[in-house]
Amino acid sequence: MKTVTSMLWLQKRIYWSLVFSLISLLVSCGVSDIPLGVSSLNSRYTEEQPALSGNGRFLAFVSNRNGNQQLLVYDLETQSFIPTPRLNRRETIAESPSLSYTARYICYLTSNQGRPVIAIYDRAMQQSQILTPTYRGWVRNPHISPDGRYIVFESASRGQWDIEVLDRGPTVELDIPNGAAVTVPQ
């Protein structure tokens with residue numbers, strides 16, 4: 001009878017030991033340790049697919065904040081989010097962001113009638129434009145050049161993954177730093 005009583009006593013000690021360990025773990029990882037709020041980079045939600053602008057100031061990433069997937073732009077210098085009106089829509093998913101030099105242009109993958117398409121968001125104009133609306137193949141992994149003129153991506157239009165370059169044309173307003181010289185191709 002003595003061994004049964006000591007076994008129960010030992011089990012109770014282990015049980016309470018585990019309870020106190022878990023409580024101390026929860027207290028040490030409390031809500032106050034996780035930076036949250038409007039201007040916080042990290043949150044309790046999944047954040048993935050980061051992309052850095054050419055000048056290193058802006059960060060774009062895909063987040064699951066507010067219960068839906070959205071593309072966010074964060075200014076590392078001011079440590080605040082940049083407003084991007086009309087970029088995220090409830091019925092579409094934006095992913096694989098890529099930024100131009102000063103993050104004027106945000107190239108990303110979205111869906112149009114169930115198919116992935118490449119879109120570009122102009123922060124100066126505050127509007128998105130689909131660049132591959134009638135593209136025959138599947139597309140993925142878009143990247144924009146620092147000046148915003150060229151977009152490179154993978155496509156499966158020939159039945160295999162190939163690399164393609166999309167030239168937005170010589171009339172596109174380039175994303176260049178203030179005072180930089182623009183060279184015109186001849």
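Visitor: In the hairpin of β5 and β6, which residue takes a positive phi near 65°?
Guide: This is a predicted model, where local features need pLDDT of at least 70, side-chain atom pairs count only at pLDDT 80 or more, and totals for chains, interfaces and linings use all residues. Residues are numbered from 1 along each chain as its sequence is written, and side-chain values use heavy atoms, with hydrogens and water left out. The hairpin has 5 residues between its strands, and the one with the positive phi near 65° is Ala103.

Visitor: How many bridges join β5 to β6?
Guide: Strands here are DSSP runs of E, at least two residues long, numbered from the N terminus. Two of them pair if DSSP finds at least two bridges between them. Strand β5 covers residues 95–99 and runs antiparallel to β6. Leu99 stands opposite Ile106 in β6, and the number of bridges joining β5 to β6 is 3.

Visitor: And how many join β6 to β7?
Guide: Strand β7 takes in residues 115–122, and β6 and β7 run antiparallel. Ser111 has Pro116 in β7 as its bridge partner. The bridge count for β6 and β7 is 8.

Visitor: Which residue has a positive phi near 55° in the hairpin of β6 and β7?
Guide: That hairpin has 2 residues between the strands. The residue with the positive phi near 55° is Gln113.

Visitor: How many residues of β6 are buried?
Guide: Buried means under 20% relative accessible area, exposed means over 50%, and partly exposed is in between (1.4 Å probe, protein chains only). Strand β6 spans residues 105–112 and is mostly covered. Of its 8 residues, the number buried is 6.

Visitor: Which residue forms a salt bridge with Glu173?
Guide: Glu173 lies in the segment after β11 and its partner in the loop between β5 and β6, so the pair ties together parts 69 residues apart in sequence. The closest N and O atoms are 2.8 Å apart, and the partner is Arg104.

Visitor: How many salt bridges does the structure hold?
Guide: Side chains of opposite charge can pair when their charged atoms come close. Another example is Arg140 with Glu154, at 2.7 Å from N to O, and Arg57, Asp75 and Glu77 are linked in a network. The total for the structure is 8.

Visitor: Which elements give two or more residues to the nonpolar patch?
Guide: Patch members have over 30% relative accessible area and no salt bridge, with like charges joined within 9 Å and nonpolar side chains (Val, Leu, Ile, Met, Phe, Trp, Tyr) within 5 Å. Tyr150, Val152, Ile163 and Val165 form this one, with about 380 Å² of accessible area together (Shrake-Rupley method, 1.4 Å probe, only the protein chains shown counting as cover). The elements that give two or more residues are β10 and β11.

How values were computed: A salt bridge is a side-chain nitrogen of Lys or Arg within 4 Å of a carboxyl oxygen of Asp or Glu. Helices (H or I, at least four residues) and strands (E, at least two) are DSSP runs, numbered from the N terminus.
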